[in-house]
Amino acid sequence: MSTHFFKYLLCSAVCYSPFVFANTTTTTEASTQDQAPIVDQTEAKTTHHRSKTIEALKNIHTEQLKVDAKANQPEAIKDPLQPLNRKIYSFNTTLDKAIVRPVAVQYKEKIPEQARGGVANFRNNMRDPWNAVNQLLQGNPKQAAQTLGRFTVNTVTSLGFADPAKRIDLNSERETFGNTLGVWGVPSGPYIVLPIVGPSTFRDGFAMLAVDTFARPQGYIFEDDKIYWSYNAVEGIDARAQFLELDSIVQGDQYAALRDVYLQRRNYEIATRRGEDASADMFMEDDSFSDDVFTDEEPSTTETSESNETLPVSE
């Protein structure tokens, strides 16, 4: 499993690196006789963007890490790394438009709905053991027992490719270690955008990379790297295909809109698990977003993509 984890980190680092040095294009106005100055200018821009990135990271103070990022907060509080986040968002969006979305479109058009449903059911079923662990850690043993019962019924009857447990009111509720930390009172920290993965916060990003990744049963079942990454690819494309109808909904500044919707949803999820008022001090006043976006049904991120902004290759 550790091999898969470090490969994922390497993949993220490779995908992130083009962003740090983005916007270093040379001007087209100079003549061929001015090539040396252009090179110097390019190097200067590269150094400038690199220093800006490092400066932005250094400017994150301890007090900012204690913030619970909410959509209705000033950007300086909820999104202090916005310049860097926008670069990563731009990269994720470019990757999605060039590769992920076209593949997802073909997947939805060529693969029968029943087969796609089986993939989605299998993906959800594989999450249930970890969902149950998090529910237990959150102090909800009854829900954890129901989740394990759901996993048992679906696995025994169909290996998880069907969802007969739903017929007896054993519904799926997705949990992550980020949810558990939130229930324990750990603040989210500032909003961040992760390469490939998409929207996150310091708390949720840490929980995903340090805990959730190791807890995925796929890493232990599919020990062969080719099978493991093939499964991840199919899982990601299937998830992205579920968002295709939403691509044209968000207008204007999509980065800001998706950020605030993400923060609203995450705060809603944590508040409901803590038994608190889910609408108190967390929603934007802008009427362009409805409370209807918050449901217990899996969307289906990103992120990732121009959803979850990007597709969720890894959980």
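This is a predicted model: local features need pLDDT of at least 70, side-chain atom pairs count only at pLDDT 80 or more; totals for chains, interfaces and linings use all residues.

I found Ile 196 in the loop between strand 1 and strand 2; strands here are DSSP runs (E, at least two residues), helices are runs of H or I with at least four, and both are numbered from the N terminus. Residues are numbered from 1 along each chain as its sequence is written, and side-chain values use heavy atoms, with hydrogens and water left out.

Most residues other than glycine have a negative phi. Is Ile 196 buried or exposed? Ile 196 is buried, with a relative accessible area of 10% (buried is under 20%, exposed over 50%, partly exposed in between, with a 1.4 Å probe and protein chains only).

Next I looked at the strands on either side. Strand 1 (residues 191-194) runs antiparallel to strand 2 (residues 198-201), and four bridges join the pair; pairing asks for at least two bridges found by DSSP. Tyr 191 sits opposite Thr 201 of strand 2. Three residues lie between the strands of this hairpin.

Then I checked Asp 169, another non-glycine with a positive phi, about 65°. I placed Asp 169 in the loop between helix 7 (141-158) and helix 8 (177-183). Asp 169 is exposed, at 64% relative accessible area.

Last, I stepped back: the chain has twelve helices and two strands, and 48% of its 315 residues count as buried.
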